[in-house]
Amino acid sequence: MRIVFALLATAALSACGLSPMYAGGSKAAVAQGIAAVDIPAIQGRGGWLVKNALEARLGVAGQTTPQYRLDVRLDDSLEALGVLNDDTISRERRILRARYQLIDLATGAVLLDATAGSDAGIDVVSSEYATIAAEQKALENLAVDVADRMATQVAVTLRTRAAAGQ
């Protein structure tokens, strides 16, 4: 019964038109396009973290001459969520939002204009050091999450562009 189910699932997936994004490995058009994305400096500590995470994800096919530029603007905020009766904060939320554009350097055309964001809850404890450490760790985790979302969207955009033959 399991074999029949596996065969039916395989047939259904092949009929829906799904194909691997990186088919062809590092020589594929998508991988080559991703490797040709230049990421200028992004302001702030969060910007530095996002840029490093993006470079780690987009630089998988090696270094090539830049064909695209990814402009990123970050909005990093920390807001109080839980306020006790004595006006002390017991919980915070760190929010990291990115507005980004993928620009074709040859034509100056904006290929992608999108946003990505994530947030994390932080417990505020009696130790100021522990709270600051939690805020910084939350920023590190959010930067990786936002960079993952951005890299995925850039890859999908470049895949669509390659499929269209542009």
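Helices (H or I, at least four residues) and strands (E, at least two) are DSSP runs, numbered from the N terminus. The model is predicted, so local features need pLDDT of at least 70 and side-chain atom pairs pLDDT 80 or more, while totals for chains, interfaces and linings use all residues. Residues are numbered from 1 along each chain as its sequence is written, and side-chain values use heavy atoms, leaving out hydrogens and water.

**View 1. Here is the hairpin of β3 and β4.**
Strands β3 (residues 89–104) and β4 (residues 110–123) run antiparallel, joined by 13 bridges; two strands pair if DSSP finds at least two bridges between them. R97 has G117 as its bridge partner in β4. Five residues lie between the strands, and G108 in the turn has a positive phi of about 80°.

A salt bridge is a side-chain nitrogen of Lys or Arg within 4 Å of a carboxyl oxygen of Asp or Glu.

**View 2. D145 and R149 pair within α4.**
Their side chains meet in a salt bridge at 3.3 Å, N to O. The two are four residues apart, about one turn of the helix. Salt bridges with shared partners also join R45, K137 and E140 into one network, in which the K137 to E140 contact is 3.7 Å, N to O.
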